[in-house]
Amino acid sequence: PQTDIVFLKVHKSASSTVMNILFRFGETHNLTFAFPLGGGFQLHYPHHFMARFVQGFSPKTPKRFNILCHHMRFLQPEVQKVVSSSAIYFSILRNPVQLMESSFMYYKGASAFSHVRSLEEFLSQPHLYYDPAKGDSNYAKNLITFDFGFNPNAEVSAERVQLMVKAIEASFDFLLISEYFDESMVLLKEMLCWDLDSVVSFPLNTRDSSTKSSLSDSVVEKIKEWNRLDWEIYTHFNRTFWERIDRDIGRERMEREVRALRERQAELARTCLQGMGSVAPKEIKDSSLRPLQHGGARILGYNLKQGLDKETEHKCRRLVTPELQYSSALYKKQFPPKPP
């Protein structure tokens with residue numbers, strides 16, 4: 001199994017669920033994580049990543065970490081200073097239309113969104129509200145482009161798109177697609193030589209459907225136009241995702257693997273969860289399993305069954321622990337606080 005990994009966590013793209021998979025794998029195999037300084041949750045985002053943002057990194061005695069997966073704005077020469085040269089690089093993309101709708105709800109307080117009542121209102125005259133000079137403007141335009149380290153306000157030309165796509169392909173071994181999450185997990189398992197249980201997960205950091213808004217066709221077209229660079233990146237890698245599956249796995253085997261993954265997931269849900277699925281934040285009984293609530297989104301979580309034996313409880317708890325709590329626990333394990 002591959003143990004040296006760089007995961008570029010693109011915002012609002014099922015990446016918290018992928019993080020949980022990496023946290024569990026890293027914990028099980030006693031791997032080291034490249035944590036943000038002081039145990040924060042972002043590597044100085046939205047600045048481009050620098051090796052010095054990592055806890056325990058020193059230029060004099062560069063230390064290599066196994067897994068780099070916290071939010072960052074990608075900059076490969078700096079990333080290479082903290083991970084092994086044989087590390088596998090991957091990321092996950094989401095359709096920019098749903099991505100923008102999600103970003104609008106989640107980052108409602110961002111300068112570009114805070115003065116409008118709806119996404120439609122923003123898109124009717126985006127330049128009225130969007131100021132590229134503002135430090136949080138990245139949430140409002142070409143968020144994928146930005147997270148990969150490129151300029152989200154660059155003019156859109158076939159040449160520029162081609163350069164970005166080539167640069168991503170040169171840096172990353174593969175890109176997953178969040179709309180095909182189960183297929184993505186099968187591909188991940190394949191590429192990393194992991195077993196099925198390593199890529200099983202319950203969806204984390206998901207929104208209550210009551211806070212999701214349906215979008216009219218005209219709004220969808222406006223989102224694509226406004227996020228044209230993201231749209232071009234997404235459509236390219238959505239296509240190559242399926243080309244890779246056809247080449248490396250084949251559709252028939254993929255269907256079998258997805259079925260096995262879903263069956264295992266259902267089995268774990270029956271074992272671990274009260275009521276089989278996610279619940280509203282106020283219904284989560286164990287406060288340590290309550291996810292961070294943000295913006296206008298209501299983030300769902302889980303209740304574990306009572307009376308599980310110790311080993312099962314531990315396994316189940318790791319599957320449903322929200323990202324921030326899990327990250328903090330692993331940080332304390334890797335950098336134990338000095339006794340007074």
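Start by selecting Lys212: at a relative accessible area of 46%, lysine 212 is partly exposed. On this scale, buried means under 20% relative accessible area, exposed means over 50%, and partly exposed lies in between, with a 1.4 Å probe and protein chains only. What you have open is a predicted model, in which local features need pLDDT of at least 70 and side-chain atom pairs count only at pLDDT 80 or more, while totals for chains, interfaces and linings use all residues. Residues are numbered from 1 along each chain as its sequence is written, and side-chain values use heavy atoms, with hydrogens and water left out.

**Around Lys212**

Lys212 sits in the loop between α9 (196-199) and α10 (217-226). Helices here are DSSP runs of H or I with at least four residues, strands are runs of E with at least two, and both are numbered from the N terminus. Contact means heavy atoms within 4.5 Å. For a distance check, pick Gln265: Lys212 and Gln265 are 53 residues apart in sequence and 25 Å apart in space, C-alpha to C-alpha.

Stay in the loop between α9 and α10 and click on Asn205. Its phi is near 60°, a positive value in a residue other than glycine. Asn205 counts as partly exposed, at 27% relative accessibility.

Now jump to His44, in the loop between α1 and β2. His44 also has a positive phi, about 55°, although it is not a glycine. At 44% relative accessibility, His44 counts as partly exposed. Then look at the peptide bond from Tyr45 to Pro46, which is cis, with omega near 10°. Pro46 is placed in the loop between α1 (15-28) and β2 (67-68). Why flag these spots? Because most residues other than glycine have a negative phi, and most peptide bonds are trans.

**Helix α11 and its partners**

Colour helix α11, residues 228-248. Two packed helices are described by the angle between their axes and the distance between the axes. The axes are lines fitted to C-alpha atoms, for helices over the stretch in contact, and the angles run from 0 to 180 degrees between N-to-C directions.

First partner: α8, residues 181-192. It packs against α11 at an angle of about 55°, with the axes 11 Å apart. That makes α8 and α11 oblique to each other. By the cut-offs, under 35 degrees is roughly parallel, over 145 roughly antiparallel, 65 to 115 roughly perpendicular, and the rest oblique. The crossing of α8 past α11 is left-handed, meaning that the near helix is turned anticlockwise from the far one by less than a right angle; clockwise would be right-handed. Show Glu183, Ser184, Leu187, Glu190 and Met191 on α8, then Phe241, Trp242, Arg244, Ile245 and Asp248 on α11, to see the contact. Its residues divide into five nonpolar, one polar and four charged. Ala, Val, Leu, Ile, Met, Phe, Trp, Tyr, Cys and Pro count as nonpolar, Asp, Glu, Lys and Arg as charged, and the others, Gly among them, as polar.

Next comes α7, residues 158-171: its axis and that of α11 come within 10 Å and cross at roughly 50°. This pair is oblique too, and α7 passes α11 in a right-handed crossing. On the α7 side, pick Arg160, Val161, Met164, Val165, Ile168 and Glu169; on the α11 side, pick Leu229, Glu232, Ile233, His236, Phe237 and Thr240. By class, that contact has seven nonpolar, two polar and three charged residues.

Then try α3, residues 96-106, whose axis and that of α11 come within 9 Å and cross at roughly 130°. Here Pro96, Val97 and Leu99 in α3 meet Asp230, Trp231 and Tyr234 in α11. The tally is five nonpolar, no polar and one charged.

Select Met254 in helix α12, residues 251-272. Met254 is buried, with a relative accessible area of 4%. Leaving out residues up to four places away in sequence, Met254 touches Glu183, Val186, Leu187, Ile245 and Ile249.

Finish with the largest nonpolar core, which has 111 residues; Leu68 and Phe122 have the most contacts inside it. Such a core is a set of buried Ala, Val, Leu, Ile, Met, Phe, Trp, Tyr and Cys residues joined through side-chain atoms within 4.5 Å. Helix α11 gives the most to this core, with eight residues. Zoom in on Phe122: beyond four places in sequence, Phe122 touches Met100, Ala112, Phe113, Val116, Tyr129, Tyr130, Ala140 and Trp226.
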